[in-house]
Amino acid sequence: MKLACELAVMDMDGEITAVAVGEDSAKFHGMLRLNEEGADIVNILNMSREHDGITFPNLVASLQTKYTESSREEIAKFTEEFLKQLWQEGLLVE
Amino acid sequence: MEFTVRLADVNIRVVSLYDEVHELCRDYLTDGEPEFTVTTAPDDITYEKEVNIREAMVEGIPVVEYPDSYLETLAVYRKIVAGLMDKGIMLMHGAVIAVGDKAWLFTAPSGTGKTTHINLWLENIPGSYVVNGDKPLIRVGESPIVYGTPWAGKEGLNKNVGVNLCGIVLLDRGAENEIEKVSFSQIMPVLIQQSYRPKTREGVQKSMNLLCELCKNIPLYHLHCNMLPDAAWTVYNTVRFC
């Protein structure tokens with residue numbers, strides 16, 4: 001899977017947000033309000049977008065390097081929930 | 001074609017392929033020394049064509065084919081706005097109306113009724129005038145200033161002035177006229193949508209930083225309004241004392 005458009009993640013007025021970059025803003029006009037985990041997931045997806053995307057296991061493995069105190073199952077759970085929202089927004093493609 | 005325009009108190013040299021952009025900028029020409037130069041090439045026009053097609057597809061409307069000379073005017077403004085960001089100046093889609101030395105920016109998705117509301121001001125609020133009907137420039141700072149530019153939408157309403165920006169009003173249609181002060185967080189998604197979106201991630205961050213700074217320094221309002229003259233008075237009587 002990979003992001004359907006490039007997103008810029010930034011702090012806006014104390015909130016972590018993601019907005020589409022340049023011409024991609026035609027595909028996604030809105031913004032995402034993110035927590036820390038969501039921001040990390042979007043950042044990884046952004047980086048993998050330049051290649052062929054990333055698999056779910058690789059995404060979870062990548063997050064594990066940061067969230068060392070969480071189990072793989074916990075990380076997989078919040079990642080799956082967040083990805084579901086991205087799919088619903090049309091922000092992910094195979 | 002080469003000429004220099006003065007926009008938001010900055011002199012910019014424009015090197016264009018067609019005359020249309022020069023004609024568009026006729027009220028903003030200057031002999032002053034330019035601070036930077038924008039140059040257009042056929043690729044820039046192709047890019048604007050692609051953007052036009054993409055936007056029409058997203059909005060589900062037929063694609064209108066514009067002449068290259070018109071598309072070049074869009075390309076020139078895109079480059080000017082990108083250059084001005086480094087000087088703390090940003091673009092926000094919206095109509096700016098002023099009374100004396102105070103101005104307010106009305107923003108909303110297309111088709112909401114910005115032009116209708118602005119016309120209510122012009123017809124009812126003595127001394128009101130349009131600074132820019134569509135794409136004003138804003139110098140961000142403790143006391144933001146909003147400027148007229150030649151890029152001013154279908155009606156082309158603009159005035160070559162810089163006026164104190166005293167508030168941003170998000171406009172929504174409603175049966176009654178109601179206005180309330182809101183936080184940036186409450187209307188952030190729309191303000192982001194209405195702000196200029198550069199082509200790069202770094203550019204987007206710059207643009208959004210300017211938006212954040214702007215919204216710290218001026219009041220923000222959410223207006224629900226109908227198309228009766230009272231709509232203009234409801235707003236003016238609330239925002240005039242800012």
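**A strand with two partners, and what lies around it**

Reply: Strand 5 of chain B pairs with strand 7 (residues 128-132) of chain B in the antiparallel sense, over 4 bridges. This is a predicted model. Within that pairing, B:A98 stands opposite B:Y129 in strand 7 of chain B. Strand 5 of chain B is also joined by 5 bridges to strand 6 (residues 102-107) of chain B, and these two run antiparallel. Here B:I97 has B:W104 of strand 6 of chain B opposite it. Strand 5 (residues 95-99) of chain B is largely enclosed by the rest of the structure, because 4 of its 5 residues are buried.

Next, the domains of chain B. The domain assignment gives domain 1 (2-87) and domain 2 (90-239) of chain B. The C-alpha centres of domain 1 and domain 2 of chain B lie 22 Å apart. Their contact takes 12 residues from domain 1 of chain B and 16 residues from domain 2 of chain B. On the domain 1 side, helix 3 of chain B gives the most, with 5 residues. By class, the side of domain 1 of chain B that touches domain 2 of chain B has 10 nonpolar, no polar and 2 charged residues.

Chain B also has an open sheet of 3 strands in the order 1-2-3, with mixed pairing. Strand 1 (2-7) and strand 3 (36-39) of chain B are the edge strands, each pairing on one side only. On average, neighbouring strands of this sheet are turned by 30° against each other, direction ignored. Strand 2 (residues 10-15) and strand 3 of chain B pair in the parallel sense over 4 bridges. B:V14 has B:V38 as its bridge partner in strand 3 of chain B. Helix 3 (residues 68-85) of chain B packs on the sheet and touches strand 1, strand 2 and strand 3 of chain B, with a direction that makes about 150° with that of strand 3 of chain B.

Helix 3 of chain B has a helical neighbour too: its axis and that of helix 2 of chain B come within 9 Å and cross at roughly 90°. Helix 2 of chain B is therefore roughly perpendicular to helix 3 of chain B. From helix 2 of chain B the contact uses B:D44, B:I45, B:Y47, B:E48 and B:K49, and from helix 3 of chain B it uses B:D68, B:L71, B:E72, B:L74 and B:A75. The residues of this contact divide into 5 nonpolar, no polar and 5 charged.

Helix 2 of chain B leads on to the other chain. In all, 19 residues of chain B are in contact with 16 residues of chain A. The elements giving two or more residues to the chain B side are helix 2 (42-59), helix 5 (184-194) and helix 6 (201-217) of chain B. Helix 5 of chain B supplies the largest share of that side, 6 residues. By class, the side of chain B that touches chain A has 10 nonpolar, 4 polar and 5 charged residues.

On chain A, 3 strands form an open sheet in the order 2-3-4, with antiparallel pairing. Strand 2 (7-12) and strand 4 (31-34) of chain A stand at the edges with a single partner strand each, so one side of each has no neighbour in the sheet. Strand 3 (residues 15-20) and strand 4 of chain A pair in the antiparallel sense over 4 bridges. A:V19 has A:M31 as its bridge partner in strand 4 of chain A. Helix 5 of chain B packs on this sheet, touching strand 2, strand 3 and strand 4 of chain A, and its direction makes about 145° with that of strand 4 of chain A. Helix 6 of chain B packs on the sheet as well, touching strand 2 and strand 3 of chain A, and its direction makes about 30° with that of strand 2 of chain A.

A:I41 lies in helix 1 (residues 36-49) of chain A. A:I41 counts as buried because it has 23 C-beta neighbours inside 10 Å. Leaving aside residues up to four places away in sequence, A:I41 touches A:L59, A:T79 and A:F82. A:I41 and A:S62 are 21 residues apart in sequence, and their C-alpha atoms are 9.2 Å apart in space.

Key
Residues numbered from 1 in each chain as written. Chains lettered and ligands numbered in written order. Predicted model: local features only at pLDDT ≥ 70, side-chain atom pairs only at ≥ 80, totals over all residues. Contact = placed C-beta atoms within 7 Å. Nonpolar A, V, L, I, M, F, W, Y, C, P; charged D, E, K, R; others polar. Pairing = 2+ DSSP bridges. Axes fitted to C-alpha atoms, helices over the stretch in contact; angles between N-to-C directions. Parallel < 35°, antiparallel > 145°, perpendicular 65-115°, else oblique. Domains from an automatic or database assignment. Buried ≥ 20, exposed ≤ 12 C-beta atoms within 10 Å, placed from the backbone.
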